[in-house]
Each structure stands twice: as C-alpha cells, then as structure tokens.
Amino acid sequence: MKNECSIVRDILPLYAEKMVSKDTAEFVKGHLENCPVCRAELEKLREPVEVQAEPQTDIDAAPLKRLKKALLMKKVRTILCTASVLLALVLSVISFLTAPKYFAYSPELVTVTKTEGGHLVLSFDERITNYTLQRIITGKDIKEVVYYLEVWTTTWDRLTGRHGIQNALVRETTGLPVYIFFQQNYALNNVDMDSVCIYGNLSRLNGSWVALPGLSLGYWLLFNIALFLILGCMRFILRRREHIRRCIERAILIPVAYGLGHLCVLGFRTASYSQWRDFQLIFAIGVLFYCAMLLALSIFYKRKEIKDAKME
Ligand SMILES: [Zn+2]
C-alpha cells in the first residue's frame with residue numbers, strides 16, 4: 001500500500017489537472033477511495049489551484065494591458081518630443097533673426113545736438129533700429145557723466161523694413177561734464193574696435209574705452225563640456241547598475257542640451273557682445289532640447305520594454 005501511495009503522489013498533480021489517461025485516472029480514483037491520506041493530499045493540491053484561478057486570468061491579461069499602455073505612452077512621448085524639437089528650431093530661427101547686428105562707427109550714424117534747455121538729442125541714421133544708452137558716473141567725487149551708446153539693427157528689422165528710431169533725448173541735469181561714447185561692438189580682422197567719443201571734450205577725460213565682448217558664455221560652454229566628460233566616465237564605470245546608469249544618462253543630456261542651445265544661438269563662436277540675451281536664448285532652446293532628448297530616451301527604453309513584452 002505504501003508503495004502505491006508514493007506512485008499516486010507522483011501522479012496526483014497531473015490527476016488534479018485531469019491530464020492523465022483514463023486508465024491512470026481510474027487507478028488513482030480507486031486508490032483514493034481507500035486511502036484518506038492521499039485524498040487529503042489531493043484536497044491540498046486543489047485548494048491553491050482554485051484560489052489562484054482568478055488572478056491567473058489577470059496575469060494573462062497584464063502583459064497585454066502593459067503593452068497597450070506602453071504603446072500609448074510611446075505615442076504621447078513621440079508627439080511631445082517632436083513638438084519640443086520644432087519649438088527649439090523656431091526659437092533658433094527667432095534667435096538668428098533678432099541677433100543684434102552692430103555697426104562700425106562712422107560719423108553719419110549718430111549726431112548729437114544740444115537743445116536750448118541744455119538736454120542732448122541723439123539723431124540716428126535710418127538703418128539703426130535699436131539702441132541702448134548706459135549711464136555711468138565716474139570718479140570718486142563724481143567728476144563727469146559718461147554714456148555708453150550701443151546701436152544695432154537685426155536681420156528681422158531689415159527683412160520687414162522696420163523704420164529706424166529717429167532720435168533719443170538725453171536729459172542730463174547734474175551739470176557735470178557729459179561724454180557720450182559710441183560702442184562699436186565690432187571686430188575688424190579679429191581686433192576689437194575702440195569706442196569712439198561722439199560728445200564731450202575728450203582731452204579732459206583720461207583712459208581709453210574699449211568694449212570687449214563678454215567671454216562668460218565660453219566659460220559656460222567649457223564647464224558643460226567638462227560636465228559631459230565626467231558624467232560620460234561615470235556612466236561607463238557604473239554601466240552595470242541599471243538604475244544609476246539611467247539617472248546618469250538623464251543628467252548627461254543636460255550639458256548636451258546646453259551645447260546644442262549654444263550652437264543654435266552662437267554657432268562656433270563663444271564671444272558675445274549681448275551675453276544676457278544670448279544666454280537667455282541658449283537656456284530656452286537648451287531646455288527644449290533637453291525635454292526632447294529626455295523623451296527620446298524614454299521612447300528608446302519603452303520600445304525595449306515593448307520588445308521584451310512581446311518576447312514574453
Ligand atoms: Zn495512498
């Protein structure tokens with residue numbers, strides 16, 4: 001009897017699933033009628049099977065649901081990704097069209113006249129569409145007032161035939177000697193041009209005034225290149241740790257996005273006379289590129305997930 005029990009126990013799981021031949025089934029049935037121990041064993045086998053019956057269907061449906069969800073997410077991400085890239089391109093074009101084009105100094109660009117009230121009127125050439133005037137009071141005991149004048153136009157203004165600003169009024173009520181410098185923001189044969197004094201008695205003012213292009217965007221670019229290299233090494237070292245690797249990959253995209261933004265705004269130049277404007281644009285375009293690349297990365301991993309799900 002004991003020998004028969006061990007044979008029945010071996011077949012029992014198959015018997016419970018009704019996967020045995022008719023003869024075997026009859027043999028097991030016959031044994032079970034006389035053996036309460038094996039009967040109890042069969043009950044035990046059936047219990048968990050019945051409990052598992054419902055979640056079983058869920059487990060079957062889960063991969064399909066997951067697959068559907070993954071496909072939908074992929075679609076949404078692809079759309080967002082494309083939109084980000086398009087927006088970045090539009091911003092780049094705007095950046096190109098609105099980039100200041102400075103003028104090399106020539107006397108007909110600006111003329112300064114003094115009004116009867118003692119104010120100054122700057123009359124601009126019609127090609128000039130924008131200007132900034134920065135006021136600086138020099139010296140410890142305030143000896144003179146110096147103005148820096150920047151004038152420029154943009155490709156956009158030229159294309160749309162925008163009329164130039166005609167003139168600007170400078171109200172100076174301090175009674176101090178006034179100087180106005182024309183900042184050329186212009187390099188000839190890679191030599192930065194000096195500022196030109198267009199108003200004031202220069203012999204009384206010492207020192208030379210040169211507008212140097214700002215270089216901080218170049219330093220920012222170097223910083224981002226360094227960051228990229230460091231993160232690249234970290235990714236290589238930690239490549240076997242899936243979670244950390246993915247985090248690093250997301251971080252690596254930051255300097256890459258900044259570099260792309262820089263390329264869109266300044267090309268291969270690093271010096272800029274309008275750093276703040278350029279930085280804002282690089283930042284905006286960089287953020288869009290970052291979003292796009294982040295989405296592309298997640299699409300890449302989603303696609304892998306879908307592939308794995310299909311393999312299952
Ligand atoms: Zn038995």
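This report describes the helices, nonpolar cores and selected residues of a predicted protein model.

Residues are numbered from 1 along each chain as its sequence is written. Because the model is predicted, local features need pLDDT of at least 70 and side-chain atom pairs count only at pLDDT 80 or more, while totals for chains, interfaces and linings use all residues.

**Overall composition**

The protein chain has seven helices and 10 strands; these are DSSP runs numbered from the N terminus, with helices (H or I) of at least four residues and strands (E) of at least two. Of the 312 residues in the protein chain, 17% are buried. A residue is buried if 20 or more other C-beta atoms lie within 10 Å of its own, exposed if 12 or fewer do, and partly exposed in between, with C-beta atoms placed from the backbone. Among the contacts in the protein chain with a separation of 6 or more, 67% join residues 24 or more positions apart; two residues are in contact if their C-beta atoms, placed from the backbone, lie within 7 Å.

A nonpolar core is a set of buried Ala, Val, Leu, Ile, Met, Phe, Trp, Tyr and Cys residues joined through C-beta atoms within 7 Å. The largest such core contains 22 residues, and Ala-257, Ile-285 and Phe-289 have the most contacts inside it. At least two residues of this core come from each of helix H3 (36-98), helix H6 (242-266) and helix H7 (275-311). H7 gives the most, with 10 residues. Apart from this core lies another, of 13 residues, including Val-146, Leu-149, Phe-182 and Tyr-199.

H7 has 37 residues and reaches 52 Å from its first C-alpha to its last, close to the expected 54 Å, where the expected span is 1.5 Å times one less than the number of residues. Among the buried residues of H7 are Asp-278, Phe-279, Ile-285, Gly-286 and Phe-289. Leaving aside neighbours within four places in sequence, Ile-285 is in contact with Ala-88, Leu-91, Ser-92, Gly-261, Cys-264 and Val-265.

**Packing of H5 and H6**

The axes of helix H5 (residues 216-237) and H6 come within 9 Å and cross at roughly 155°. Axes are lines fitted to C-alpha atoms, for helices over the stretch in contact, and angles run from 0 to 180 degrees between N-to-C directions. The two helices are therefore roughly antiparallel to each other, a term for angles over 145 degrees. The contact includes Leu-217, Leu-221 and Phe-228 of H5, and Ile-248, Ile-252 and Tyr-258 of H6.

**Selected residues**

The table gives two pairs with their C-alpha separations.

| Pair | Separation in sequence | C-alpha distance |
|---|---|---|
| Val-121 and Ala-168 | 47 residues | 5.7 Å |
| Val-146 and Pro-177 | 31 residues | 8.5 Å |

Val-121 is placed in strand S3 (residues 120-124) and counts as partly exposed, with 14 C-beta neighbours inside 10 Å. Not counting residues up to four places away in sequence, Val-121 touches Thr-113, Thr-115, Asn-167 and Leu-169. Val-146 is placed in strand S5 (residues 144-153) and counts as buried, with 21 C-beta neighbours inside 10 Å.

Lys-18 lies in the loop between helix H1 (2-16) and helix H2 (22-34). Although Lys-18 is not a glycine, its phi is positive, at about 55°. Most residues other than glycine have a negative phi. Lys-18 is exposed, with 7 other C-beta atoms within 10 Å.

Key: Parallel < 35°, antiparallel > 145°, perpendicular 65-115°, else oblique.
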